[in-house]
Amino acid sequence: MDQSAWNLLLSSFWPIVQGALAGTIPLALASFAIGLVLAIAIALMRLSRIRVVSGIARVYISIVRGTPLLVQLFVIFYGLPSLGVVIDPWPSAVVAFSINVGGYAAEVVRAAILSVPKGQWEAAYMIGMSHRRALSRIILPQAARVSVPPLSNTFISLVKDTSLASLILVTELFRQAQKVAAFSGDFMLLYLEAALVYWVICLVLASGQGLLEKRLDRYVAH
Amino acid sequence: MSPTDEKPIDAGRSQTDAAPELLKVRALQKSFGSTRVLESIDLTVTRGEVLVLIGPSGSGKTTVLRCLNGLEVADGGEVSVAGELSIDFGTRPGKKELAALRDRSAMVFQHYNLFPHMTVLENVVEGPITVQRRPRAEATAEALDLLDRVGLAEKRDSYPFELSGGQQQRVGIVRALALKPQLLLFDEPTSALDPELVGDVLGLMKQLALEGWTMVIVTHELQFAREVANEVAFIDGGVIVERGAPAHLFSAPQHERTKQFLHRLLFPF
């Protein structure tokens, strides 16, 4: 590698990391947190015995999974203004990603809830718990353990998907790389550098997943 | 555990009221889809007595227990407890009534159904603290006392998976006792246990019987029934075919179906 490439790498490193710290990471965290709450709600609706309620959840999941994330993002940022709803880039991205995570994670949460044996519900009812309390004290804590690996997948995908936000003008990791690349003309180097930073973030997440699984596994036979 | 050298386990509310009949079940019916599981069940359990339900699998005996704890909602009939709570299943009981019914009994499950994400102590105090809203210190002290009496005090911080089946079932029993129910329900409590662990659990149940707990037990342990039950009821096809004192029922069954069932249990091959 010659000196100028090395210099470019060094000088672009901080703007790209800044994009990660100020854009990618908070965007992913906020969207995942909101999306997870949404997912639990959608999963519970999907499991509801009331047909209309489970139907709404079904349709929601179907639309989210059946349309491209980029299209969802564009509908919210470029489409809604024609209806008079103008949302800034950042909140637009959070809304789109949360809705998306909500749809995908809902199926994970639903499967996890269903994986808890029926006897756990019965024991919870037996000691006098209501449905709601049984869910929060007995069922969801057990479902959480089961859902950590698939939810980690969702989260890691989300981190990478946030690069799409560059297309609605959010200043995040990839957009920073694009800017420097356009300026310097060295696309290969800068996009590889961006890829490397994404990879490092995902490595950190994967090791976090490992720790979380270990912690939640403390009550399971090995 | 020997019943003689231990302090008795507090029989809760079961000795406070003077009414002789603790549980009265009349014409209980239950169907699953088009399958009629309970045709019409009538039962009476006197305070402080032990009723054992026997019968072939699919006879409806477990469904009877589950209806008594509100885990299944019967389609018809009446259940009354201690003369103070009476539920008519003909007129679809509300959530409140079912909760009141559940409140008076506690169940021990065949597969223990302990909460795997909670320690032994947490399993026992969960009901008293989060549902019954009793002070944590008091509930914990009582739970530890109960665990001590079943020989599991040193396991208080273990998770269920670290215990043997027999230990888990004793925790299941303690969890039920900690709720201070008027009625204890046992659904084949030893069926999932290795043979050498059955004795521990039956021994504990026998002690509870001696201390005056009112119990309804579904079991295939005839020897236990003979020793501990005040009355045995043989259920088949959703009705009580025959009932009586164990010595009588086991040695001189009146009905052909009872004879066949007992014969199969005594001579399985």
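1. The expected span of a helix is 1.5 Å times one less than its number of residues. In this predicted model, helix α7 (residues 173–184) of chain A can be held to that rule: its 12 residues should span 16 Å, and its end C-alpha atoms are 17 Å apart, so the two values agree.

2. The surroundings of α7(A) deserve a remark. Its buried residues are Leu173(A), Phe174(A), Arg175(A), Gln176(A), Ala177(A) and Val180(A). Among the elements that cover them are α1 (3–47) and α8 (187–216) of chain A. After the helix comes Gly185(A), with a positive phi near 85°.

3. Turning to chain B, its secondary structure consists of 9 helices and 10 strands. The chain has a radius of gyration of 18 Å, close to the 18 Å given by the globule rule for 269 residues, and is therefore as compact as a globular protein of that length. Its C-alpha trace spans about 50 × 45 × 35 Å along the principal axes.

4. Of the 269 residues of chain B, 48% count as buried. When contacts in chain B between residues at least 6 apart in sequence are considered, 67% of them join residues at least 24 apart.

5. Helix α1 (residues 61–68) of chain B is mostly covered, with 8 of its 8 residues buried. The buried residues of α1(B) include Lys61(B) and Arg66(B), as well as Val64(B), Leu65(B) and Leu68(B). Gly70(B), which follows α1(B), has a positive phi near 75°.

6. The largest nonpolar core holds 87 residues, of which Leu53(B), Val124(B), Leu185(B) and Val216(B) touch the most other members. A second, separate core comprises 46 residues, including Leu73(A), Ile99(A), Ala177(A) and Val180(A).

7. Apart from its neighbours within four places in sequence, Val124(B) is in contact with Ala143(B), Leu146(B), Leu147(B), Val171(B), Val174(B), Arg175(B) and Ala178(B).

8. As to the interface, 20 residues of chain B are in contact with 17 residues of chain A. On the side of chain B that touches chain A, α2 (95–104), β6 (105–108) and α3 (120–131) of chain B each supply at least two residues. The largest share of that side, 4 residues, comes from α3(B). By residue class, the side of chain B that touches chain A divides into 10 nonpolar, 7 polar and 3 charged residues.

Key:
Residues numbered from 1 in each chain as written. Chains lettered and ligands numbered in written order. Predicted model: local features only at pLDDT ≥ 70, side-chain atom pairs only at ≥ 80, totals over all residues. Contact = placed C-beta atoms within 7 Å. Nonpolar A, V, L, I, M, F, W, Y, C, P; charged D, E, K, R; others polar. Core = buried A, V, L, I, M, F, W, Y, C linked by C-beta atoms within 7 Å. Buried ≥ 20, exposed ≤ 12 C-beta atoms within 10 Å, placed from the backbone. Rg over C-alpha atoms; globule rule 2.2 N^0.38 Å.
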